[in-house]
Amino acid sequence: MRRAPVKEYPLLLTEGLAPGTASLTEAADGRLRLGGRWTADQAPAVEAAAARIAAGGPARLAVDLGEIERLDTLGAWVLERTRAEVEASGGTLAYLGTRPEHQTLLGEVVIRGEPPAPAPRLRFPLSLLDGTGRQVVRGSKEFGTGIAFLGEVVAACARVALRPRSFRGTALVNQVQQMALNGAPIIVLISFLVGGIVAQQGIFQLQRFGAQTFVVNLIGLLILRELGVLLTAIMVAGRSGSAITAEIGSMRMREEVDALRVMGLDATEILIVPRVLALMISLPMLTLLGDLAALAGGGLTAMLYGGLTLDQFLARLQAAVGVHHVVVGLVKAPFMALTIGLIATIEGFAVEGSAESLGRRVTASVVKSIFMVIVLDGLFAVFFAAIDF
Amino acid sequence: MSDSPIIRVRDLVVGFRDKTILKGLNLDIRRGEILGFVGPSGQGKSVLTRTILGLVPKRSGTIEVFGQDVDGLTYAERRRMETRWGVLFQQGALFSALTVKQNIQVPMREHLKLSGRLLDEFARLKIEMVGLKPDAADKLPSELSGGMIKRAALARSLALDPEILFLDEPTSGLDPIGAGEFDDLVSTLKETLGLTVFMVTHDLDSLYTACDRIAALGDGQIIAAGTVEEMLENPHPWLRSYFHGKRARAVAGGPSAVRAPHQDPLVAATGG
């Protein structure tokens, strides 16, 4: 590395620097000599040296590039920027000893365009109102989209019903396999565990009144009417709803949906109808399976903690629940499935180009589905209470 | 600068499951050259690039980059090497959640110590250098056209002023004028920064105007490597049909085979 002779040239920015560091020395005749690597990895030293050049104010400066080890776009840009600053303040800056490649590079590093102006921002109280307003408008638009989408799906189903040959049976069977068959183990397991947990807590509370046998009534009604279908729907929303959103969303990102459209195919018929129908078929089946598993879990707990025998459990269960309780649970399933399917497909079609948007939409799909499933369950509870079923 | 090649590949064997793609491939890339890499589709051009970059494991052979064997590197040396090359992927591979400017700033933020002002200016400079309009800076990749994505991705690959630039089909999807400008830009960068460029391409215009040397891949090996003139004289059947085919004659047409880029609108319209 070249070291400036200390006696002749006052050191500016070369004290204790590692070899290759961008440096600036002032020669006896007033020329500014650059040394070292004026490259991106030396950015702090390059910026500091350039600031020293510009600090002189309006002056006639001569900058010697002859001893630079390497100049890249960063070094060239900072030099050109400094030159512009010096010239703007009324001085001049001339390069000396430039090699041809440096000359070309210095000519290349020009920013012609102005940076785009940042969008004006609202201040605090207004921004809050603005945000709330936008949320309300977006929420109502989303509701409108949901209704329009429901209509579109129903219309597509009607078209399929009129032309049964256009019905995609293979896709439907495939989807049912994905949703129902492959989803069955986890739903059975979770329902079994929750059934057991509810029964255990019921036994502990009812024991105080010596009424632990009534735990069978408790779990029978709770599971068949509410818990079984709710748990299953939430699991399906998380498992299949997210899958639908991700599938349709990534097809949107890769223009596959557009490809279907321009081929004269109906994306609603091909992508949505089989999935929504498959959900409406799968959820009741899974609900029944979940009911049975939860009852088994509750029964096992009742035998272990409550001291009931299998015969006692079955006899009480038969006495406590009727077929209408099973029906109340199962009848809700297709409606919940439709809700999950619609939300999942709407969110899938709303995916824009980025991976981030896909992630956001999948999250939104699951959260909205679960929320709507619970709201729907509440509405059904009110309804069944009103008709005294 | 020494004469030793900046990248040296020896006896490279790469395969997937029971299929061997590269069968004992040897290739030197010299410092400061633009090497065009051609070959039939599906023969492993991208596989070679990805193997050099360490994205695909090799079965045997050695790869030296900057004179260092890539197998013998520590984690820190490996990271350091990766700041010294830039890669332009075929589809751009821009981060879809970030704007163009943020994409370009990702490697800068991670590897350079830049002040906020310089970070902003340097990103805008790169955007201008690759020929994008300033208002593209705050756009998301999903809002860009194919050609703009290519340019934005090039700007990102140039963010650290690399010594080697890997380009995977850089001019595919660009209009002929844009492709010519792209070739000019790469040549300028080579002249000014001493850049070494490894370019996988099918664009005959690029091969004629931008590349110093051409290497051709066939059956897992390098069939031939040399200048355009040497390629034209090579008797290998694939090279003959590639460089003497209908499309090639349109590009090379007229008495002089080597021409300046995008000067002849008729050639530009039929080439690439």
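Two residues are in contact here if their C-beta atoms, placed from the backbone, lie within 7 Å. Keep in mind that this is a predicted model.

**Exercise 1. Describe chain A in outline.**

Task: Find what share of the contacts in chain A between residues at least 6 apart in sequence join residues at least 24 apart.

Solution. Begin with the elements: chain A has 12 helices and 4 strands. Next, take the contacts between residues at least 6 apart in sequence; 80% of these join residues at least 24 apart. Finally, turn to burial: of the 389 residues in chain A, 37% are buried.

**Exercise 2. Work out the sheet of chain B.**

Task: Give the order of the strands in the open sheet of chain B, and say which strands stand at the edges.

Solution. The open sheet has 4 strands, and reading across it gives E2-E1-E4-E5, with antiparallel pairing. Strand E2 (19-29) and strand E5 (68-69) of chain B each have a single partner strand, so they stand at the edges and one side of each lacks a neighbour in the sheet. Now look at one pair: strand E1 (residues 7-16) of chain B is joined to E2(B) by 8 bridges in the antiparallel sense.

**Exercise 3. Take the interface apart.**

Task: Which helix gives the largest share of the side of chain B that touches chain A?

Solution. First, the count: 26 residues of chain B are in contact with 27 residues of chain A. Helix H4 (116-129) and helix H6 (176-193) of chain B each supply at least two residues of that side of chain B. The largest share, 7 residues, comes from H4(B). By type, the residues on this side of chain B are 12 nonpolar, 5 polar and 9 charged.

**Exercise 4. Follow H4(B) along its length.**

Task: Compare the span of H4(B) with the expected one, then say what its buried residues pack against.

Solution. H4(B) has 14 residues and spans 20 Å from first C-alpha to last, close to the 20 Å expected at 1.5 Å a residue. Its buried residues include Leu118(B), Phe122(B), Arg124(B) and Met129(B). In chain A, the buried residues of H4(B) pack against helices H1 (43-54), H2 (73-88) and H3 (100-108). In chain B, they pack against helices H3 (100-111) and H5 (146-157). After H4(B) comes Gly131(B), with a positive phi near 85°.

Methods: Residues numbered from 1 in each chain as written. Chains lettered and ligands numbered in written order. Predicted model: local features only at pLDDT ≥ 70, side-chain atom pairs only at ≥ 80, totals over all residues. Pairing = 2+ DSSP bridges. Nonpolar A, V, L, I, M, F, W, Y, C, P; charged D, E, K, R; others polar. Buried ≥ 20, exposed ≤ 12 C-beta atoms within 10 Å, placed from the backbone. Expected span 1.5 Å × (residues − 1).
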